[in-house]
Amino acid sequence: MKNSHSASYAAAGVDVTAGYEAVKRIKPMVESTYIPGVMGTLGGFGGMFAPELAGMKKPVLVSGTDGVGTKLRLALLMNKHDTIGIDCVAMCVNDIICGGASPLFFLDYIACGKNDPVRIAEIVTGIAEGCRQSECALVGGETAEHPGVMPDEDYDVAGFSVGIVDEEQIIDGKRLSEGDVLIGLGSTGVHSNGFSLVRKVFDVEHADLTAPVAELDGKSLGETLLTPTRIYVKAVKALLKAGVDIHAISHITGGGFYENVPRMMTDGLTASIDLNAFPRLPIFDLIQKKGNIPERDMYNTFNMGIGMILALPAEQAEQALSLLQAAGERAYRIGEVVAGEEGVVLE
């Protein structure tokens, strides 16, 4: 790479040397995420991982891919890029854990108008932190300059993760039954969904994103909206390790309760959720008031304070709540599984 430079390519808007500088900056961050199983180091053509399969009867790989969506616009407006990577990891690994699978490794893809090594390093700082929080390794990625397609200061980030679970331990809702308890795990805010509506409601392009807001306990709108998505991997793994028999899990993302909760249900069963059983975060009250948004639309778009819902036997509810609180989660008993075809009922 020392002799790699193309004046012609640079004249066309792509500086390959900036890419090499970015790799140099992010290498220590990437290596800080390595866990047993990682093979090689950053710089190869493919990330290699050798999973530990001892004790597994039939290993099943579970994959997930996602991006951050238009929350990126807030990062650009705030010129704060060191947490958006946590969101990217969270959106992938939170989906994987819904199947009972432990994330093994993660890869990122960053597209940008112009490669700014400092900014790329800031983005990867968040990605590496997300990987550490979810106990998976960042084994590779790609940064691509798109001159003429994206403005120089613009970028997008997406990710891909793979996890593993023994087939007999898969969480797929097949053991759901009437009377199962629903436990909600508290969110940290809007997470990474609904930002097209959020940006419209607050007119973020022209809003003061740094001024303290009384309704947000003195925090600024920008700080509140950029709060990273909560990663629930460690908490769920703690329950599984303790022998809690989780029957189904739903990650509350785009589409809110009405779209995501029915995905964890099976035919003839419905999630009955008590909306008074958990605190509604102030940011959602502000969004609803400012945008004059109907109640149903709020619960059909946002997580409203609950980022993940677990269904498990009633006799294990107290144990699960205790374990979750010990793991640092705000956890609430928010309802139960009942007979019905609605999928979810909010009361």
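Colleague: Which residues of strand 7 lie on one side and which on the other, and are they buried or exposed?

Modeller: In this predicted model, Val181, Ile183 and Leu185 lie on one side of strand 7, and Leu182, Gly184 and Gly186 lie on the other. Both faces are covered, for these residues are all buried. The strand spans residues 181-186, and six of its six residues are buried.

Colleague: Which strands are joined to strand 7, and how do they run?

Modeller: Strand pairing is read from bridges between strands. Six bridges join strand 7 to strand 10, residues 306-312, and the two run antiparallel. Strand 11, residues 331-339, is also antiparallel to strand 7 and is joined to it by five bridges. Leucine 185 illustrates both pairings: it stands opposite methionine 308 in strand 10 and opposite alanine 331 in strand 11.

Colleague: How many salt bridges are there, and which residue meets arginine 73 in one?

Modeller: A salt bridge requires a side-chain nitrogen of Lys or Arg within 4 Å of a carboxyl oxygen of Asp or Glu. By this rule the count is 12. In one of them, arginine 73 meets glutamate 205, with an N to O distance of 2.8 Å. This pair links distant parts of the chain, 132 residues apart: arginine 73 belongs to helix 3, and glutamate 205 to the loop between helix 6 and helix 7. Glutamate 205 has a relative accessible area of 37% and is therefore partly exposed; arginine 73, at 32%, is partly exposed as well.

Colleague: Where is glutamine 288 placed, and which residues does it contact beyond its neighbours within four places in sequence?

Modeller: Glutamine 288 is in helix 10, residues 282-291. Because its relative accessibility is 17%, it counts as buried. Beyond those neighbours, glutamine 288 is in contact with Arg280, Ile293, Pro294, Glu295 and Met298. A polar atom of its side chain lies 3.0 Å from the backbone oxygen of isoleucine 293. Arg280 and Glu295 are also linked with Asp285 in a network of salt bridges.

Methods: Residues are numbered from 1 along each chain as its sequence is written. This is a predicted model: local features need pLDDT of at least 70, side-chain atom pairs count only at pLDDT 80 or more; totals for chains, interfaces and linings use all residues. Side-chain values use heavy atoms; hydrogens and water are left out. Helices (H or I, at least four residues) and strands (E, at least two) are DSSP runs, numbered from the N terminus. Buried means under 20% relative accessible area, exposed over 50%, partly exposed in between (1.4 Å probe, protein chains only). A polar contact is a pair of N or O atoms within 3.5 Å; within protein, one must be able to donate a hydrogen and the other to accept it, and residues adjacent in sequence count only if both atoms are side-chain atoms. Contact means heavy atoms within 4.5 Å.
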